[in-house]
Amino acid sequence: MVQERGMALVTGASSGIGREVAIRLAKRGFRVIGAARRMDRLNQLASQYGNIIPKKVDLSDSENVEALCRYILEYPKPISVLVNNAGYSIRGALEDVPVSDVRRLFEVNLFALIRITQACLPGMRKQRNGTIVNLSSVAGKFAFPMSGVYAATKHAVEAISDALRAEVRPFGIRVITIRPGAIATEFNEVANRLTGDLMARTYPDYKPLYESSGAAIGRIFSQFTIPGPGIIADLIEEIVLSETPKPVYTAGPLVKEFLEPRLKMDDEAFDKYMAEKTGLMGLQV
Ligand SMILES: NC(=O)c1ccc[n+]([C@@H]2O[C@H](COP(=O)([O-])OP(=O)(O)OC[C@H]3O[C@@H](n4cnc5c(N)ncnc54)[C@H](OP(=O)(O)O)[C@@H]3O)[C@@H](O)[C@H]2O)c1
């Protein structure tokens with residue numbers, strides 16, 4: 001017999017890390033609301049696991065987010081585990097990224113996370129118990145060139161999580177930040193699709209930068225095997241079940257190569273380190 005646990009909400013449950021987390025929590029006896037846009041994927045998951053409830057939401061649309069929040073607030077049982085996982089990335093030098101795309105990215109990666117957290121907190125406070133897991137990234141603590149806006153959303157997730165952890169600890173609510181390195185999911189494919197062909201539309205000035213950093217980052221990625229989403233989902237399952245989770249967890253490639261040096265070096269040393277590693281050191285155009 002699987003022990004019956006409380007309600008969980010996992011955003012981005014249609015794919016990658018979120019899908020794996022929803023399955024693990026369902027197997028552990030949670031009733032899991034799995035939210036995303038692709039209902040075919042969610043319905044398939046619900047047909048395999050009777051305790052997964054599919055919920056359609058487009059987190060880039062504030063009315064959709066409000067409807068999800070009303071659903072949470074009116075649900076007969078409070079959410080005891082919230083996994084703020086939905087997210088994506090777009091790429092490009094800052095001059096190449098339309099600000100409307102930046103706004104949309106912030107809507108999904110940050111504002112929806114804030115709003116959904118606000119909707120779950122009254123129930124958690126009432127129970128004096130709850131776990132909030134926020135998906136940041138290694139890029140929550142440094143920024144790759146050509147990926148600054150994604151890193152900005154994740155830096156914001158880090159700040160929100162740090163402050164919230166202190167604000168709700170007195171109510172018995174735990175806030176945990178996860179910083180995955182590179183993980184093999186649809187994440188890369190989505191970023192490529194949304195970004196399109198940057199080389200075709202960038203200013204000629206930027207072409208050598210894209211070429212040089214693309215080649216350097218390609219070399220770094222060729223040095224390791226990229227693990228699947230299971231390593232992060234296993235970690236989240238362990239955290240949810242733990243009596244004493246740590247505030248922050250990291251896992252996957254890029255942690256040793258970038259996050260650890262960032263946490264050890266001063267700003268000047270890390271700036272040089274990044275320029276070298278990303279193939280941009282000394283480049284003059
Ligand atoms: N994979 C990596 O290398 C990596 C590294 C560091 C951090 N992360 C973070 O890990 C989290 C999960 O990413 P993943 O790797 O599992 O990527 P993924 O396979 O692409 O999954 C992303 C999930 O987010 C959902 N989503 C995206 N836009 C949405 C929107 N507008 N409304 C509702 N749901 C939306 C997608 O669902 P629908 O498309 O069905 O809506 C999907 O379920 C993200 O926050 C990401 O930033 C990933």
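**Helix H4 and its surroundings**

Author: Start with a pair of helices: H3 passes H4 in a right-handed crossing. A crossing is right-handed if the near helix is turned clockwise from the far one by less than a right angle, and left-handed if anticlockwise. The model is predicted, with pLDDT of at least 70 needed for local features and 80 or more for side-chain atom pairs, while totals for chains, interfaces and linings use all residues. Residues are numbered from 1 along each chain as its sequence is written, and side-chain values use heavy atoms, leaving out hydrogens and water.

H3 covers residues 62-74 and H4 covers residues 99-127. Both labels come from DSSP runs, numbered from the N terminus: helices are H or I with at least four residues, and strands are E with at least two. The axes of H3 and H4 come within 9 Å and cross at roughly 15°. H3 is therefore roughly parallel to H4. Axes here are lines fitted to C-alpha atoms, for helices over the stretch in contact, and angles run from 0 to 180 degrees between N-to-C directions. Angles under 35 degrees count as roughly parallel, over 145 as roughly antiparallel, 65 to 115 as roughly perpendicular, and the rest as oblique.

Which residues of H3 and H4 meet? H3 brings Val65, Glu66, Leu68, Cys69, Ile72 and Leu73. H4 brings Ala112, Arg115, Ile116, Ala119, Cys120 and Pro122. Contact means heavy atoms within 4.5 Å. By class, this contact of H3 with H4 has ten nonpolar, no polar and two charged residues. Ala, Val, Leu, Ile, Met, Phe, Trp, Tyr, Cys and Pro count as nonpolar; Asp, Glu, Lys and Arg as charged; the others, Gly among them, as polar.

The structure holds one cavity of 30 Å³ or more. The largest cavity has a volume of about 60 Å³. On a 1 Å grid over the protein atoms alone, a cavity is a set of points where a 1.4 Å probe fits but cannot get out, a pocket is an open set with protein on both sides within 12 Å along at least five of seven lines, and lining residues have an atom within 4 Å of a point. Grid points are joined across faces, edges and corners, and a volume is the space filled by probe spheres set on the points.

H4 gives the largest share of the cavity lining, five residues. Among the lining residues are Val108, Asn109, Ala112, Leu113 and Ile116. Ala112 and Ile116 also belong to the contact of H4 with H3. The cavity lining includes Thr11, Leu59, Leu135 and Lys154 too. Its residues divide into seven nonpolar, four polar and one charged.

Next, follow the chain past H4. Arg128 sits in the loop between H4 and strand E5 (130-135). Leaving aside neighbours within four places in sequence, Arg128 is in contact with Phe171 and Gly172. Arg128 and Pro170 are 42 residues apart in sequence, and their C-alpha atoms are 8.6 Å apart in space.

The second largest pocket is lined by residues that include Asn129 and Thr131. Arg5, Phe30, Arg174 and Glu243 are also among its lining residues. Strand E4 (79-84) and H9 are the elements that give two or more residues to this lining. The pocket has a volume of about 210 Å³. Its lining has four nonpolar, five polar and three charged residues.

H1 (residues 16-27) and H9 (residues 230-241) have axes that come within 8 Å and cross at roughly 40°. H1 and H9 are therefore oblique to each other. H1 passes H9 in a right-handed crossing. Val240 is one of the H9 residues in their contact, and Val240 also lines the second largest pocket.
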